[in-house]
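Biologist: I have the model open and would like to go through its side-chain pairings with you. Shall we start?

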Amino acid sequence: MIKRYGKSPKRGHSYKLRPGAYAILPRDGQLLLTYQEDPHFEFQLPGGGIDPGESPIQALHREVFEETGWRIAKPLRLGAFRRFVYMPEYDLNAEKICHIYLARPVRPHGPPTEKGHHAVWMDPRAAVHELSNDGDAAFVAGLVD
């Protein structure tokens, strides 16, 4: 059973399964996060949906690059959690299966290519409190405690 974070599914709503890959990226005592402006202003672990025909590792590399501009190395899967959310950018109720990886940020190749995203370095303990969802925060907390 995969642990659920956040709200319970709403009765009478249909949810589309939406697997995704997300990265915890430590370097020099800081974590590389993404700050998303739209549709919500929030700090997130870099990552996102796994596209059809794409492996979780391929999605992880693509999403981290799009949201931070950084290339990564040595991804190691830590686990997964699920959450039920409304995704306004897709007008979609989603059951997100969030696969969490620990990886090494290697080097930046420029600014994020995904509109409304900014790469941000943050102290891991501060990140636990600033991350927008409890699942991300729980995985980061497990590494800093």
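Biologist: Over which ring does the charged end of Arg71 sit?

Modeller: The charged end of Arg71 sits over the ring of Phe65, 3.9 Å from its centre, where sitting over a ring asks for NZ of Lys or CZ of Arg within 6 Å of the ring centre and within 35 degrees of the ring normal. The charged end of Arg18 likewise sits over the ring of Tyr90, 5.5 Å from its centre.

Biologist: Before we go on, what kind of model is this?

Modeller: This is a predicted model, in which local features need pLDDT of at least 70 and side-chain atom pairs count only at pLDDT 80 or more, while totals for chains, interfaces and linings use all residues. Residues are numbered from 1 along each chain as its sequence is written, and side-chain values use heavy atoms, with hydrogens and water left out.

Biologist: OK, how many aromatic pairs are there?

Modeller: The search of the whole structure finds five aromatic pairs, a pair being rings of Phe, Tyr and Trp (its six-membered ring) with centres within 6.5 Å, called stacked with planes under 30 degrees apart, edge-to-face over 60 and tilted for the rest. Trp70 and Trp121 form an edge-to-face pair, at 5.4 Å centre to centre and 80° between the planes.

Biologist: And which strands hold those two?

Modeller: Trp70 lies in strand β6 and Trp121 in strand β8 (residues 117-122), so the pair ties together parts that are 51 residues apart in sequence; strands here are DSSP runs (E, at least two residues) and helices likewise (H or I, at least four), numbered from the N terminus.

Biologist: Are they buried or exposed?

Modeller: Trp70 is buried at 11% relative accessibility, whereas Trp121 is partly exposed at 34%, given that buried means under 20% relative accessible area, exposed over 50% and partly exposed in between (1.4 Å probe, protein chains only).

Biologist: Switching to charges, how many salt bridges does the structure hold?

Modeller: The structure holds six salt bridges, each being a side-chain nitrogen of Lys or Arg within 4 Å of a carboxyl oxygen of Asp or Glu. One of them pairs Arg82 with Glu95, the closest N and O atoms being 3.4 Å apart. Arg82 lies in strand β6 and Glu95 in strand β7 (residues 92-108), so this pair ties together parts that are 13 residues apart in sequence.
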